[in-house]
Amino acid sequence: MTATDTGAPALGSGPARRSRRRRRPGRSGRLPYLLILPAVLVLLVVVVWPLFKIVQLSLQKQESGKFALFHSGASSPFAGLANFRTVLSDSTFWAVVGRTAAFTAINVVLSLLIGIGIAVLLNRVSKWARLTLIAVLLFVWAVPTTVSTQVFYWLFSNQLGAVNYLLDLIPGVHMQGHDWFADPHQGLAVITAVVVWGAVPLLAISLHAGIGQIPKEIIEAARCDGATPWQTFRQVTLPVLAPLLVILTTLSVIWDFGVFNQIWFMRTGHPEPGYQTVGIYMYSTGVGSSHYNVGATIGVLMMLGLVGIMIFYIRQLFRIGDAE
Amino acid sequence: MTTTAKQKVGWGTANTVAVVLAIVPVLWIVSLSFKDPATITDASFWPKKWTLENYRGIFKTSEFTHALINSIGIALIATFIAVVLASMAAYAVARLSFPGKGLLIGMSLLIAMFPAISLVTPLFNIERSLHLFDTWPALIIPYIAFGLPLGIYTLSAFFREIPWELEKAAKMDGATPYQAFTKVIAPLAAPGMFTTAILIFIFCWNDFLFAISLTSTTNARTVPAAIGFFTGSSQFTAPTGSISAAAVIITIPIIIFVLFFQRRIVAGLTSGAVKG
């Protein structure tokens, strides 16, 4: 009963299928390439070209303001690593990085804890209750972030917000008219609520599927041996879920690090300095104020930071044998 | 396997709390959208007087109707192309072996989780120089690209489940390759393709980042971006009613998908385990 033999149950593909697929090695000829060609072309145009472009932009001299648009890539002078020096020696950048790291850590931990909780819950309740909860979770997953952010903005708003009203009902708490967004820390806490609210469903559903793959006999055996529910969870469920949890954690880190919509929309397109995470900072610098070269430099740095995490994730997937 | 009544009640309560916490924010926006503009800031959860005023209001403006048409058109076209291209690639991945397959899977996984935000700045520049900026293709092309990895991944998982021997059996029974494909394989592949289409559609429909970055007028601006522009108009005359009505309208397709295709979406999500 090691962690690996059950694999990531939710991502399963059996070994039997693999042998079938390899039945005629090397005889496919040109067909597979013709089949993947259109997809590869689109990815080259939309992903690889911009990637090349962003690196190119980051190495060119920052053109001032709006004129940057009228310069074609070739005419801008090469600036070496000047942009990188500018960004890396900027204390604002480091403040933004620190804020993003803290924001990401809090969001990932909260979403995973709640996700695990709900996954366990889903395995305990009656069928009817489970189907209701799954429907609601899917709905939450699918609601556009613009809509959910708007709702949370209003829930916490000091004019029509229900949260202040409810908190005010607690004796000794005076929240009427409290502005949650005056202090970026409180504002980011509200944003965390939206992000976690939106992130939990996918985690809970994946983990629920994972728990469902655990053989009932193992759980039963643990219980017969006198394990408490908590011990069963710690000693049986968690180890089996470990590979899936690693993947979900990695994905959550990448997603939460790149959170944009919720912050941008919550601050109606003008996030104050205290709200800027790396994504927002990059966007406001690049598209927002036409400092494309500096924006691109931040983008390159952000990607370099994330590449390590991504490689870890892909290796993890390959190890489980799902991606082959 | 005996669960005490007390435990049962406990889990049931937890379930109810989870459902309520998840659904209340959404119900509240529905309620707001039906409130009379004059009483929208009152504290009551349900409207005291139900009205369609907000809905009538947004459909009067071409700003919203344009955005709705853009949203529907762009999401449908992008989903269709992405599913076709992803099916071709996924067939190759699931059924054929060829050098470079690992690279293709690795690359699409990398892109699937790539923070789109880091590509927005260069895409913006590229689309400007190609005069694509603020047109339908400006959004359709990136949506296809970001839908593809998700599609390839989900579809190849589905395609692996198909008993392809049936194709051979049909041919032995005298079916032409075309018949074998349309009569045997296509019906088996359709559910997976449909599920993938739903996932990609939801991604396109909900996108906000590309929509605000790669458009600048009602020409191609989709509803999520247009809502953003409702908000920004003024701090004091917050168009709360219009925003909530628009939010409810863009959520309707999502509700339909979830209600009718719940099991499919769960299958797609857990086979792909990649969010769009």
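Reader: Is Thr104(A) buried or exposed?

Author: In this predicted model, Thr104(A) has a relative accessible area of 5%. Buried means under 20%, so Thr104(A) counts as buried. Thr104(A) is placed in helix H5 of chain A, which covers residues 91-124.

Reader: Which residues is Thr104(A) in contact with, and what lies 2.6 Å from a polar atom of its side chain?

Author: For contacts, one leaves aside the neighbours within four places in sequence; Thr104(A) then touches Val253(A), Asp256(A) and Phe257(A). The atom 2.6 Å from a polar atom of the Thr104(A) side chain is the backbone oxygen of Thr100(A).

Reader: Where does Ser284(A) lie, and which backbone oxygen is 2.6 Å from a polar atom of its side chain?

Author: Ser284(A) belongs to helix H13 of chain A, residues 278-288. The backbone oxygen in question is that of Ile280(A). With neighbours within four places in sequence left aside, Ser284(A) is in contact with Trp264(A), Gln276(A) and Ser289(A).

Reader: How many helices and strands does chain A have?

Author: Chain A has 14 helices and 0 strands. Of the 324 residues in chain A, 51% are buried.

Reader: Why does Leu138(A) count as buried?

Author: Leu138(A) counts as buried because its relative accessibility is 0%, and the class takes in values under 20%. Leu138(A) is found in helix H6 of chain A, residues 127-142. Beyond the neighbours within four places in sequence, Leu138(A) is in contact with Ile205(A) and with several residues of chain B, including Val258(B), Gln262(B) and Leu269(B). As for distance, Leu138(A) and Glu272(A) are 134 residues apart in sequence and 32 Å apart in space, C-alpha to C-alpha.

Reader: How many residues does each chain bring to the contact between chain B and chain A?

Author: Chain B brings 96 residues and chain A brings 90 residues. The area buried between the two chains is about 8900 Å², and carbon and sulfur atoms give 77% of that area. On the side of chain B that touches chain A, helix H11 of chain B (residues 240-272) supplies the largest share, 16 residues. That side of chain B divides into 68 nonpolar, 20 polar and 8 charged residues.

Reader: How many salt bridges and how many residue pairs in polar contact are found between the chains?

Author: The count of salt bridges between chain B and chain A is 0. Polar contacts across the interface join 6 residue pairs, both residues being at pLDDT 80 or more.

Reader: What is a disulfide, and how many does a search of the whole structure find?

Author: A disulfide is a covalent bond between the sulfur atoms of two cysteines. The search finds 0 disulfides over all chains. Two cysteines may still be read for exposure: Cys224(A) is exposed, at a relative accessible area of 63%, whereas Cys204(B) is buried, at 4%.

Reader: Where is Arg128(B), and what is its relative accessible area?

Author: Arg128(B) is in helix H5 of chain B, residues 117-129. Its relative accessible area is 35%, so Arg128(B) is partly exposed. Between Arg128(B) and Ala138(B) there are 9.5 Å in space, C-alpha to C-alpha, and the two are 10 residues apart in sequence.

Definitions and conventions: Residues numbered from 1 in each chain as written. Chains lettered and ligands numbered in written order. Predicted model: local features only at pLDDT ≥ 70, side-chain atom pairs only at ≥ 80, totals over all residues. Heavy atoms only, no water. Contact = heavy atoms within 4.5 Å. Buried area = accessible area lost by both parts, 1.4 Å probe. Salt bridge = Lys/Arg side-chain N within 4 Å of Asp/Glu carboxyl O. Polar contact = N/O pair within 3.5 Å; in protein donor to acceptor, adjacent residues only side chain to side chain. Helix = DSSP H or I, 4+ residues; strand = E, 2+ residues; numbered from the N terminus. Nonpolar A, V, L, I, M, F, W, Y, C, P; charged D, E, K, R; others polar. Disulfide = S-S within 2.5 Å. Buried < 20%, exposed > 50% of the residue type's maximum accessible area, 1.4 Å probe, protein only.
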